[in-house]
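This report covers a two-chain model. It moves from whole chains to single residues.

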Amino acid sequence: MAAIETEKQRGRYAALAIAAVVIVLGIPLWWKTTETYRAWLPFSQINELDSLQLQLSVEVEVVLSRGTLSPEQQKKVPLSQTREQEHQIDAKTVLRYRYETKYRTATIMEEDALNQPSAQEADLSLHMLSESACGSVVVYIIPETSTLLPADVKVYVGQRRTALLRAALFEGTAGLKEVLSTLEPQVKQVVDTMSFSHQDILAALSDRIRVGQVSKESLADSMRAIKSSPGYEITFSLLNPDPKSHSLHWDIEGAVNSYIQPLLDKLNPIANFSVDSQILYYAVLGVNPRFDNSVSAYTLNADSLAHVINPVEARLGSNAASSNPVLNFLLYVPDAQHSPLFIRDHSKREIPSNAFHSPRWGGIMVYNVNDMYGPEAEFPVDINISMSKVMGVFLAQLRLMLGVQKTQPPPGFVLQSAGSEGLADWELDRLMWSRSVENIATASTTITSLAQLLDQISNIVINDNIAQQVSSAVTSLQAAVAELEAGNLAFALQYSREAILASERAFFDPSLLHLLYFPDDQKFAIYIPLFLPMCVPIVLSLLKIANEIRQRRADKLAKKD
Amino acid sequence: MIFLKSSISTRWFWAPSAAPSSAAVSLPDSCEEELLIRPLHSGDIYASFQFRTLWDTDFLHQGKKVSHYRLFPKSLGQVLSKFSVRELHISFTQGYWRTMQWGQPIVPSPPGAELWVWFHNTVADVDGNWKELTNVLSGIFCASLNFIDSTNTVQPSASFKPLGLGNATDHRFLRYATLPREIVCTENLTPWKKLLPCGSKAGLAVLMKSEKLFHSSFHSQAVHIRPVCKDWQCSSTAWELRQTLNVVFDLYTSGQGKKEWSLFKMFSRTLTEACPLASSSKVYVDVTDNPEGELFDLSPATSVLNTAVVLGDRRTYSVYDLTQKETFGQLRSLNLVLRWKGESDMLRPLLHAERYVAGFGLQTGEIHTLIYNNHPYRAFPVLLLDSVPWYLRLYIHTLTVTSKTRENKPSYIHYQPSKDRLRPHLLEMLVQLPPHSVTEVTVQFERALLKWTEYTPDPNHGFYVGSSVISALVPSVVAMDTNNTQERPLFSSFFPTKEESSYFVRVYTEPLLVNLPTPDFSMPYNVICLTCTVVAVGYGSFYNLLTRTFQVEEPSQPLAKRLANVIRRIRGVPLL
């Protein structure tokens, strides 16, 4: 009997041992071998980025020239003040603007510069004296009596980052505090013109926040401007639908070098640009222009312009060598039978530039050549296209597409028109502010949605390189936010561009798609024939052992009683 | 009979058309178009379009980027400069060129897609460039070129020399791939037409209506880009973009059996004008076999004849110059009509080749390549290139080359063995073909088993093996024209000629269709279920053996005794 009992005991131990091997060895082995590889991602940092708290710091330097302060007041300068503004946009977005204003008196060299005969020369010589940092603003306060500015002009905004502000002479009795507090609203107005405005920043964030909060104009501006991208391809196309009649020549290379390239060089910190051009023959517009007897010309109405682009676009061809967004500028020379051709706006008036643009796509200009030759001309007629006329239109459209807004100056302000580059330093700064904010917003949205996606679908393999891209995007984002906070605009833009690149690369990595569609039911169909016959005996014998133990305990209890 | 040079021979071909006004600047680019119609002896008709754009620029110039395009298509120019391409040849072909019936083609091409590219020797990562280039070209031509990867790319050591300038010999910068299965259709023709300066709106390209072009026995379209000499001194280079389209219209399907051809019947269009951008626009009709008009009637007749030496043969052509108003006559339209009157025999082409798979079963097989030298008394060497996918494992020791029942030892063999799932076999040989002979090259192979995800969606159709390529300098009957810059018809200047006594020919064999052992594709699930069952059964008995308790049982009565007892009980006899 004892032998049977030991035999039974051995059986029990064997069953327990097998169950233990299956649980300790088998299940971890199966788990390990069928697991999808998921590299570690900085989820907590990504969650922090989800709620965007941006602080934008601007350094404002206010230089008080001789004659604006009394000697006692001058003794207390230099001093600095900080002004902060906070805007809670929505639950996840907080904007904080911090203006650090430093007051100081002008140096002797600056005084000399301010004594130049005209404001323009003063601006230039002030620029020679000191290079102000990207994103900062310098305001020179000049006395009421100064002859630099015409009488009705209060503020002159130069080509760089300096402005001249005319202020009334302060009475010697007033304390410096009062002087500065009377000065402050005027300085603020100058800074708002030369640096970012709240509406610009809201427009840059338009993807994140509800539309109602952004003013209509700045929303239209931001929707017209092409999305922020690390590079752009600009393509000029000359459409010649009638090479039999017109042999067109355009000096596009020279025109690009003299009109477009200076602006692009100036915009170099924002993105890389590449320019090319082509001539397309027999390319026609999508709509048939209507002949208008009253002006004996063909006309295109504003509401039919929407149909013009599509058939042309098939011929334009995409850029084979890069995947950057393309800005198209088309110069359309109507064929001899359909000349001249004019574009009319909604109120049926001819548009002087004879051009229109399509938001985020590019511009089209119609160039009539019918008056360049007489009826007796021998076909094909050689025609040289006047590039200055064409490039003037295209340059204006390009500025719109790139989001370089025309600033509406408050009354009493004079904005110095920008030189050959077509863009003043402070205008570039404004663009850089909104581009940095836009980049940061886009990159953080991309990264958070990627993290969300990876979190939700546990089947996706996360490779090491994706994890690396994600964490470099996160570090760049954090660096960009920190640089904005520190007021280093150039670095902030740089980091935000890196962040956007890395986040896009991680988001569109093809390896994320591999195992996405492996359904669970197929997995179970494969596992059941193996697991069912293996687990049933183990479970049954475990149950049996448990039953026996319970039985024995009950017996023992009964015996004790 | 009068032979006239159709055009002034002193005008070099790159010169732009004389501008009407003196103010016009001389343009750096020019284009030409031409159509060659050759009546074939089978009654079929061969039409070959060639469009050439020459551009005096330098894509490979360091530093300065070429970005302003006029006649040269921007998409191709960007590809050339981005990937530092020195020479690019791409062809899409539907159908197989029947050399024995049709003679040598003007521009040879294998069935399916073929792409070969010479990269500039400054390229560091040739494979990376090649991969990206195939993807970009796949987008430009709407073709499956993105399926080109390392398993079907080879680097031929001798067969594909650059056709343009430069003696590149380092085949590290060469990549060659074919996709024999590629189906060519309208969606490939449309982007190809878009590259032409006049599109399909004017000039010869108006004839290209896809419903007619693809209703033919053979259709091949190609793009060749190469640097060429700008002038006879070759002091500077120009880029040449040559777009060719070759069609063979079948006598019975397109011509309804009537031996009468016209432009309208072939293309359902007639010609009305030249492309205004082209400096020359011509139609050539091959009338070599028809000097007295006994073979066919050609109307409208033209007195302008041109002779050119093409593929070792002096041929005569009727020329129709579309830039001249007289060509179109009173109807303002040109509709060439060919009416056949008699029959004639064709000279057999000097070199042709065929190929087939022999053997039975699904384990081994043998590839036979037959190369015919029909020259009556001259022997000449040919280069044979075979690129075989890795899943056919070639037994290179079984390679035999025999001509006239005697072994013919190749004087040069370059063999690169395959690597599974990485690269194909590459076999290149220089074989001397004796005069008037058939040379047979055989090699045995074993079919590999693929992984189940590596099979194509219809694996029972078989797997394609690309055409063999035979490149040869064939002795010429007439002196070849070695001056490559002199003006002559485009179709005669595709392969540069280096010497007068021979001409270059490339012959493609048929692609092979090989059956591989194909599994039943529900097999993996069956295998999983079966192995699971076996494991479960084995495991069950093992488990039983380990956990069961064994007891010694009382030995029971033997079976005989028990049976006896049953019977005894029935009988009422006492038990044993």
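## Charges and overall form

In chain A, the 48 positive and 61 negative charges have mean positions 12 Å apart. Lys and Arg count as positive and Asp and Glu as negative, while His and the chain ends are not counted. Each charge is placed at NZ of Lys, CZ of Arg, CG of Asp or CD of Glu. For chain B, the mean positions of the 56 positive and 50 negative charges lie 6 Å apart.

The model is predicted: local features need pLDDT of at least 70, side-chain atom pairs count only at pLDDT 80 or more, and totals for chains, interfaces and linings use all residues. Residues are numbered from 1 along each chain as its sequence is written, chains are lettered from A and ligands numbered from 1 in the order in which they are written, and side-chain values use heavy atoms, with hydrogens and water left out.

Chain A contains 15 helices and 17 strands. Helices (H or I, at least four residues) and strands (E, at least two) are DSSP runs, numbered from the N terminus. Chain B has eight helices and 26 strands. Chain B is more spread out than a compact globule, because its radius of gyration is 32 Å, well over the 25 Å that the globule rule gives for 576 residues. The radius is taken over C-alpha atoms, and the rule is 2.2 Å times the number of residues to the power 0.38.

Spans follow the principal axes of the C-alpha trace. Surface means accessible area by the Shrake-Rupley method with a 1.4 Å probe; for residues, only the protein chains shown count as cover.

| Chain | C-alpha span | Accessible surface | Carbon and sulfur share |
|---|---|---|---|
| Chain A | about 125 × 85 × 35 Å | about 27,800 Å² | 56% |
| Chain B | about 140 × 60 × 50 Å | about 26,200 Å² | 55% |

How much of each chain is buried? In chain A, 48% of the 561 residues count as buried. In chain B, buried residues make up 53% of 576. Buried means under 20% relative accessible area, exposed over 50%, and partly exposed in between (1.4 Å probe, protein chains only).

Contacts (heavy atoms within 4.5 Å) also reach along the sequence. Of those in chain A between residues at least 6 apart, 78% join residues at least 24 apart. In chain B, residues 24 or more positions apart account for 76% of the contacts with a separation of 6 or more.

## Annotated segments in chain A

An unreviewed UniProt entry annotates residues 12-31 and 524-543 of chain A as "transmembrane region". UniProt positions are given in the numbering used here, feature names are shortened, and annotations may be inferred rather than shown by experiment. Residues 12-31 of chain A are 100% helix and 0% strand, with end C-alpha atoms 27 Å apart. Residues 524-543 of chain A are also 100% helix and 0% strand. Their end C-alpha atoms are 25 Å apart.

## Backbone details

Ser339(A) and Pro340(A) are joined by a cis peptide bond, with omega about -15°. Pro340(A) sits in the loop between strand 12 (326-332) and strand 13 (341-344) of chain A. Chain B has a cis bond from Ser299(B) to Pro300(B), where omega is near -5°. Pro300(B) falls in the loop between strand 11 (296-299) and strand 12 (305-310) of chain B.

Lys348(A) is not a glycine, yet its phi is positive, near 65°. This residue is in the loop between strand 13 and strand 14 (355-358) of chain A. Lys348(A) is partly exposed, at 49% relative accessible area. His436(B), also not a glycine, has a positive phi of about 50°. His436(B) occupies the loop between strand 21 (425-433) and strand 22 (437-447) of chain B. With a relative accessible area of 53%, His436(B) is exposed.

Helix 1 (residues 74-82) of chain B is mostly covered, with seven of its nine residues buried. Among them are Leu76(B), Val79(B) and Leu80(B). Just after this helix, Ser84(B) takes a positive phi of about 50°.

Asn439(A) belongs to helix 12 (residues 425-456) of chain A. Is Asn439(A) buried or exposed? At 2% relative accessibility, Asn439(A) is buried. Leaving aside neighbours within four places in sequence, Asn439(A) contacts Ser228(A), Leu493(A), Ser496(A), Arg497(A) and Ile500(A). The C-alpha atoms of Asn439(A) and Ala480(A) are 9.5 Å apart, across 41 residues of chain.
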